[in-house]
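Here are my notes on this one, as promised.

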Amino acid sequence: MSVTRRQVTTAALASVPLAFAATGTAQAGGRRPRTLYIAGDSTAAQKYADAAPETGWGMALPFFLRKDLRVANHAVNGRSSKSFVDEGRLDIVLDALRPGDLLLVQFAHNDEKDEDPTRYTEPWTTYRDHLRLYVDGARARGARPVLATPVERRRFDAAGDARPSHGEYPAAMRALAREEGVALLDVQALSLALWQRLGAEGTKAYFNWTATEQDNTHFNPPGAIAVARLVARESLRTRVLAHRDVRRLDEEIPESWIDWPAPGTA
């Protein structure tokens with residue numbers, strides 16, 4: 001289903017966390033702050049009061065970044081690298097990008113859904129083709145593209161080992177990053193290692209497990225904070241970000257900092 005540019009703009013603005021709104025205007029007479037844009041799916045997206053305690057890791061990322069590096073979270077539930085483009089959402093992000101900004105791209109969860117032609121991409125062909133649209137679009141505007149392999153689901157085998165769930169998609173993204181000289185945050189490998197350390201029982205405290213739901217894909221506040229910390233640390237390690245850009249990497253982040261606004265109020 002296609003949407004109008006106005007509808008996409010409204011949805012994109014609604015997805016921007018409160019942390020963005022709080023720093024949304026440049027200081028008078030000062031240098032324009034850089035913005036880190038997130039293009040992705042429900043694992044990163046802003047959640048609202050009707051979805052709590054489900055939490056996207058993009059909601060927690062601002063806690064690890066200095067205030068002069070803003071976060072604009074355009075990740076949306078259910079989108080793939082293809083449907084995000086087809087709905088005009090990438091165009092909205094590219095229109096907003098300015099030289100020096102960052103475009104962080106994480107897709108695969110919905111690209112894998114081969115029963116849905118509006119979202120499915122094949123790892124080594126159409127998935128990479130669509131990712132190139134993000135990379136080329138950012139570069140054309142003087143912004144820096146950053147590819148992030150998809151965060152892992154909670155999946156364990158009978159022996160209690162964390163198992164990968166994304167097939168060839170992470171490998172295809174890693175190969176594209178090498179070919180195009182794009183910074184890569186290997187969130188898939190990092191999150192898989194974290195789930196392994198926490199174990200099958202320990203990870204339940206990081207995913208959206210409630211009295212009525214056992215969700216092994218989406219996070220609660222501790223999980224979102226943990227993944228956002230991985231993203232921030234890996235951004236520093238890969239020199240996507242400098243030490244001056246990050247904060248609190250080794251500090252405890254209170255769950256109470258997570259906020260789920262009413263729909264349309266973010």
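**Notes on the model**

1. H74 is a buried residue, with a relative accessible area of 8%. The cut-off for buried is under 20%, so H74 qualifies. You'll find H74 in the loop between β2 and α4 (81-86). H74 also pairs up in space with a residue from elsewhere in the chain: A44 is 30 residues away in sequence, yet the C-alpha atoms of H74 and A44 are 8.9 Å apart.

2. Bear in mind that this is a predicted model. The mean pLDDT of the protein chain is 90, and 88% of its residues reach 70 or more. The stretch to watch is residues 1-29, where the pLDDT is below 50. Beyond near neighbours in sequence, residues 1-29 have 46 contacts in the model, and I'd read those with that pLDDT in mind.

3. On the overall make-up: the protein chain has nine helices and seven strands. Of its 266 residues, 53% count as buried. Take the contacts between residues at least 6 apart in sequence, and 77% of them join residues at least 24 apart. The accessible surface of the chain comes to about 11900 Å², with carbon and sulfur atoms accounting for 51% of that.

4. Now the sheet. Five strands form an open sheet in the order β2-β1-β3-β4-β5, with parallel pairing. The edges are β2 and β5 (183-185), each with a single partner strand, so one side of each has no neighbour in the sheet. From one strand to the next, the twist averages 25°.

5. Strand β1 (residues 34-40) deserves a look of its own. Six of its seven residues are buried, so the rest of the structure largely encloses β1. Five bridges tie β1 to β2 (residues 69-73), running parallel, and I38 sits opposite N73 in β2. Towards β3 (residues 102-106) there are also five bridges, again parallel, with Y37 opposite L103.

6. Within β1, check T35. At 0% relative accessibility, T35 counts as buried. The T35 side chain makes a polar contact with the side chain of R70, at 2.9 Å.

7. The peptide bond between A52 and P53 is cis, with omega of about 10°; P53 is in the loop between β1 and α3 (57-60). R239 isn't a glycine but has a positive phi of about 65°, and R248, also not a glycine, has a positive phi near 60°.

8. Where do R239 and R248 sit? R239 is in the segment after α9 (221-237), and R248 is found in the segment after α9 too. As for cover, R239 is exposed, with a relative accessible area of 71%, whereas R248 is partly exposed at 22%.

Methods:
Residues numbered from 1 in each chain as written. Predicted model: local features only at pLDDT ≥ 70, side-chain atom pairs only at ≥ 80, totals over all residues. Heavy atoms only, no water. Buried < 20%, exposed > 50% of the residue type's maximum accessible area, 1.4 Å probe, protein only. Helix = DSSP H or I, 4+ residues; strand = E, 2+ residues; numbered from the N terminus. Pairing = 2+ DSSP bridges. Contact = heavy atoms within 4.5 Å. Areas by Shrake-Rupley, 256 points an atom, 1.4 Å probe, with all protein chains shown as cover. pLDDT = per-residue confidence, 0-100. Axes fitted to C-alpha atoms, helices over the stretch in contact; angles between N-to-C directions. Polar contact = N/O pair within 3.5 Å; in protein donor to acceptor, adjacent residues only side chain to side chain.
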